[in-house]
Amino acid sequence: MPKKEYVNIRIPKSIYEKIEEEVRASQGEFKSVEDYVEFVLNEILKEEPEETVYTPEEEEEIKRRLRSLGYL
Amino acid sequence: MIILALDALDVRMVEKYGCRSLMQVEYGQTDLSEFELERTVVLWASFLTGRNMEAEIPVETQWEFTLKPEETFLKFFETYKALDVPAFSLKQENHKRERVLLKKYFDDEVSVEEYDETVWRNHEENKREFFEALGRFDLVMGYFDLADAIGHLSFGIPAKMEAVYRELEGIAKEVKSSVDDVILVISDHGMKPVGRYGDHTKNGFYSFNRRVGLNLPKITEFFNIIRRLVQVERSG
Ligand SMILES: [Zn+2]
């Protein structure tokens, strides 16, 4: 497996300290603040956008109907 | 009398979102089986005249098609306000703008948000004018295309359609609380999802704030129903 590359990012100290508390409270589930941040950001990014539920066939069908109904 | 003319208001959607003020005392589906296509202008013209107008209105020029008052049930009223009514007083500029944006959406020139924004703006304009007219005429007929226009690009997106139905329900509720008159809520046709989009169906809707005793009425039957209601009101 290729080694993960990392970059540095700045966050407010107050947030860092809150995360430290969360890591402590997790009793080993999170190994570090970095581990916690990576997990949370991954969760947010994998949520799917709501509006991509159509196919080109449906778009063609609706265009044809809108044409016969006089909208296009 | 008040007529809320709500384009594409679908009987199943009214039930799905539990829109009590739209349902009123008596509600149901309209019978559109005699029409080949559920064309908006054709259906409103047929509602207004009590005749099936499908053969008389070519699709190419339908949006400009305009009836004379004496061809419609408006003649039964001494004073009336027909706000943005298709086949009678349609706001050509506003609806043209919506159709241009619809076309541009499919040509990838505008986003659905830009299209929606124009539709909602036109809706707010009609809403203002409608409530200004309430109580000042024997008949106020207000037309709102929100469910149709938003539905065409977003019927398959529940959050958006719920907002549309909540809005129309709010209008019906406000009408009910501000007048003591016969209220008819009626649509030209219903709608079904095609992916994220929406297509016209025969699930039209009507409701009255009193028992009239209709069962699957044709959209052309309302001409005589309205005539009778006016006669009853005059005689007492
Ligand atoms: Zn329509």
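Close-up 1. The side chain of B:His200 makes a polar contact of 3.0 Å with the side chain of B:Asp148. This is a predicted model, so read every close-up here with that in mind. A second polar contact, at 3.4 Å, links the B:His200 side chain to that of A:Tyr71. As for where we are in the fold, B:His200 belongs to strand E7 of chain B. Is B:His200 buried or exposed? With a relative accessibility of 3%, B:His200 counts as buried, because the cut-off for buried is under 20%.

Close-up 2. Chain A has 3 helices and 0 strands, and its pattern along the sequence reads α-α-α. Of the 72 residues in chain A, 19% are buried. Here we look at H3(A), residues 56-68. Its 13 residues should span 18 Å at 1.5 Å a residue, and the end C-alpha atoms are 19 Å apart, which agrees. Which residues of H3(A) are buried? They are A:Glu59, A:Ile62, A:Lys63, A:Arg65 and A:Leu66. Looking down the axis of H3(A), you'd find these buried residues within an arc of 165°, so they line one face of the helix. An α-helix has 3.6 residues a turn, so residues three or four places apart point the same way. On the face of H3(A) turned away from the buried side sit the exposed residues A:Pro56, A:Glu57 and A:Arg64. And what covers the buried residues of H3(A)? The cover includes helix H4 (92-106), helix H6 (146-154), strand E6 (190-194) and E7, which belong to chain B. Just past the end of H3(A), A:Gly70 takes a positive phi of about 90°.

Close-up 3. Chain B has an H3 of its own, covering residues 40-49. Buried residues account for 10 of its 10, so H3(B) is largely enclosed by the rest of the structure. Among them are B:Thr40, B:Trp44, B:Phe47 and B:Leu48. What do the buried residues of H3(B) pack against? In chain B, they pack against strands E1 (2-6), E4 (139-144), E5 (183-186) and E7 (197-201), along with helix H8 (222-235).

**Close-up 4. The open sheet of chain B.** This view takes in an open sheet of 6 strands in chain B, with mixed pairing and the order E2-E8-E5-E1-E4-E3. At the edges stand E2 (26-29) and E3 (80-83) of chain B, each with a single partner strand, so one side of each has no neighbour in the sheet. From one strand to the next, the twist averages 10°. Helix H7 of chain B, residues 158-178, packs on the sheet and touches E1, E4 and E5 of chain B. The direction of H7(B) makes about 180° with that of E1(B).

Close-up 5. How many bridges join E5(B) to E8(B)? There are 3, and the two strands run antiparallel, with E8(B) covering residues 205-208. Look for B:Leu184, which stands opposite B:Phe208 in E8(B).

Definitions and conventions: Residues are numbered from 1 along each chain as its sequence is written. Chains are lettered from A and ligands numbered from 1 in the order in which they are written. This is a predicted model: local features need pLDDT of at least 70, side-chain atom pairs count only at pLDDT 80 or more; totals for chains, interfaces and linings use all residues. Side-chain values use heavy atoms; hydrogens and water are left out. Buried means under 20% relative accessible area, exposed over 50%, partly exposed in between (1.4 Å probe, protein chains only). Helices (H or I, at least four residues) and strands (E, at least two) are DSSP runs, numbered from the N terminus. Contact means heavy atoms within 4.5 Å. Two strands pair if DSSP finds at least two bridges between them. Axes are lines fitted to C-alpha atoms, for helices over the stretch in contact, and angles run from 0 to 180 degrees between N-to-C directions. The expected span of a helix is 1.5 Å times one less than its number of residues. The arc is that of the directions from the helix axis to the C-beta atoms. A polar contact is a pair of N or O atoms within 3.5 Å; within protein, one must be able to donate a hydrogen and the other to accept it, and residues adjacent in sequence count only if both atoms are side-chain atoms.
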